[in-house]
Amino acid sequence: MGDMCGIVAYVGKPANGASAKPDASAQGTRAVEVVYAGLERLEYRGYDSAGIAVVGGDAVEVRKKSGKIVNLKAELTADPLPVASAGIGHTRWATHGAPTDANAHPHRGGTDGKLALIHNGIIENYAPLRAQLEAGGVEFASQTDSEVAAHLLAKAYAKTGDLTTAMQSIVANLEGAFTLLAVHADQPDRVVGARRNSPLVVGLGEGENYLGSDVAAFIDYTREALELGQDEIVTITPDSVEVITFAGESVTPRQYHVDWDAAAAQKDGYPSFMEKEIHEQPKAVADTLLGRTTPSGELKLDELHIDPALLRSIDKIIVVACGTAAYAGQVARYAIEHWCRIPTEVELAHEFRYRDPVLNSKTLVVSISQSGETMDTLMAVRHAREQGAKCVSICNTRGSTIPRESDAVIYTNAGPEIAVASTKAFLAQITACYLLGLFLAQLRGNKYADEVGRILEDLQAIPAKIQTVLDNAEQVKQIARDMESTQSVLFLGRHVGYPVAMEGALKLKEIAYIHAEGFAAGELKHGPIALIDEGQAVFVIVPSPHGRDSLHSKVVSNIQEVRARGARTLVIAEEGDESVKAYAEEVIYVPKSPSLLAPLLGVVPLQIFSCELATAKGLDVDQPRNLAKSVTVE
Ligand code: F6R
């Protein structure tokens with residue numbers, strides 16, 4: 001019953017003009033404002049319920065509501081929280097158990113109403129702990145594992161009289177993944193957090209400090225942040241931040257500057273974050289390429305701190321990732337194998353560990369993750385390192401766990417991705433994979449510098465081409481609006497078009513709730529073609545006619561095969577490719593590009609299609625049902 005969630009905390013002086021003495025009738029205190037604003041920013045992490053607790057006088061006050069955060073807002077208006085110096089807030093994505101008011105966080109611990117706690121993650125041994133507590137007379141108000149931690153903490157506080165010491169004494173008994181944040185009415189100037197395997201960062205203010213599951217929680221107030229490591233406890237007061245390990249040793253955390261623009265987490269006039277992020281893709285790709293070439297045009301990846309001799313010796317690459325990031329990995333495989341001649345596999349991170357993969361010091365494991373917190377991917381990285389493999393992470397979130405636990409990281413500079421469905425991060429991930437592939441090819445002598453330079457030039461030209469696709473979006477938007485009542489859509493592609501087809505299908509499933517599948521076009525005749533019926537919509541991603549072998553003509557044949565069986569064919573083809581016109585209901589043209597780079601263009605109309613279709617259906621494209629942005633449980 002643990003959850004993966006957004007969490008935020010604030011500690012400061014009571015709001016200007018407000019009485020320092022907590023007053024239950026006062027409204028608009030800074031603690032409540034900051035925590036609520038943080039929850040709004042974090043809502044993409046989970047939106048089954050939301051809640052806030054603040055220290056108000058002799059007690060801790062809690063408001064919590066199931067459903068989206070607007071429900072909590074209504075509750076706060078009806079029953080305002082008092083002036084307070086400290087507060088914690090939580091937005092939940094339930095892993096088990098109903099998203100009810102009672103199961104919403106914060107949870108109270110003890111019976112004196114003085115302590116509240118929020119939790120992100122799963123406490124795996126909660127059942128015996130709960131049984132023990134119940135045997136001792138503790139009454140539970142919810143079905144969550146999290147409430148166990150609240151009661152344990154209250155008991156420990158009763159013994160120690162200090163929230164930090166109490167936190168330290170309970171974490172040793174908890175198994176699983178967790179971030180815990182707690183407040184206590186007797187120590188109203190502080191919030192205490194504990195972190196194991198779930199994310200937590202500190203925001204540094206002046207006379208006030210913050211905690212968040214990511215920097216979005218407090219980016220309106222500060223850009224200065226501290227990274228926390230595994231198994232660390234942090235205590236924030238208005239003027240101090242103290243970090244110790246679970247064992248009690250003092251830690252000096254690394255400070256970093258968050259260069260994400262606060263505006264980047266706003267919609268900027270777009271109807272949804274997803275649409276905004278689709279339009280940010282030229283910049284996401286350009287920024288990912290930025291600063292990675294020398295003035296003479298050679299590729300440099302200064303951040304890849306792995307011994308070049310070791311990189312020359314690797315004989316296998318395994319890409320591990322989930323969902324969209326795994327499709328980026330599939331695109332990468334074609335490029336890396338072609339450029340570097342290193343056998344490359346792509347594996348879903350959650351399958352990887354369980355098949356006992358063959359790994360050694362000559363294996364390079366490349367993890368791809370937007371959030372850097374996906375638990376399945378993190379576990380795959382840990383497994384790979386235990387087996388002696390070197391791990392490079394391709395990640396969009398600075399200070400997140402996966403890069404921290406990898407040997408090296410290549411950051412994608414896509415900026416914060418708020419919409420649950422990944423778009424700009426996907427393009428940035430593919431771009432970073434190309435850079436890695438070219439770097440290895442350069443280092444290992446598979447390619448001459450001028451060859452690498454030419455491909456880099458082709459890559460530099462991609463952002464303007466993506467812009468052209470965006471400028472021509474109206475055609476695909478109209479197709480989407482006309483298909484509002486469609487029940488099923490198939491996507492076909494070959495070579496790098498195959499992962500594009502799967503990504504197109506995933507986008508449609510997750511935001512428009514339409515059954516969709518992506519196939520390798522060549523596989524069709526081995527079974528799936530039986531699905532084709534009169535009017536079945538089929539997107540086909542056609543490779544360049546100037547590309548390799550006979551791939552283009554084979555895909556054109558595939559279009560004919562499905563059309564002959566009644567399919568409505570929607571074709572994505574390269575500008576100037578007249579050969580497909582005769583077989584297509586609609587042709588969506590994208591600019592010319594080298595075959596291996598084509599996914600950066602071909603996927604864009606599919607993203608626009610899903611976004612527009614979901615919007616036409618009246619769905620919330622940014623927060624699709626049942627999903628959460630950052631999947632921090634296995
Ligand atoms: C789909 C989507 C997910 C993520 C996947 C991995 O639109 O967003 O499939 O790609 O959950 O997440 P990260 O990249 O954060 O590891």
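**Cavity and ligand site**

Sorted by class, 13 nonpolar, 6 polar and 2 charged residues line the second largest cavity. Nonpolar here is Ala, Val, Leu, Ile, Met, Phe, Trp, Tyr, Cys and Pro; charged is Asp, Glu, Lys and Arg; the others, Gly among them, are polar. A cavity is a set of points, on a 1 Å grid over the protein atoms alone, where a 1.4 Å probe fits but cannot get out; lining residues have an atom within 4 Å of a point.

Ground rules. This is a predicted model: local features need pLDDT of at least 70, side-chain atom pairs pLDDT 80 or more, while totals for chains, interfaces and linings use all residues. Numbering runs from 1 along each chain as its sequence is written, and side-chain values use heavy atoms, without hydrogens and water.

Back to that cavity. Nearest its centre are Ile541, Val542, Pro543, Ser544 and Ala598, out of 21 lining residues. Helix 17, strand 24 (568-574) and helix 19 (599-616) each give two or more residues to the lining. Helices (H or I, at least four residues) and strands (E, at least two) are DSSP runs, numbered from the N terminus.

Now the ligand. Which residues come nearest? For the side chain of Ser371, an oxygen of the ligand is 2.7 Å from an N or O atom.

Conventions:
A polar contact is a pair of N or O atoms within 3.5 Å; within protein, one must be able to donate a hydrogen and the other to accept it, and residues adjacent in sequence count only if both atoms are side-chain atoms. On a 1 Å grid over the protein atoms alone, a cavity is a set of points where a 1.4 Å probe fits but cannot get out, and a pocket is an open set with protein on both sides within 12 Å along at least five of seven lines; lining residues have an atom within 4 Å of a point.
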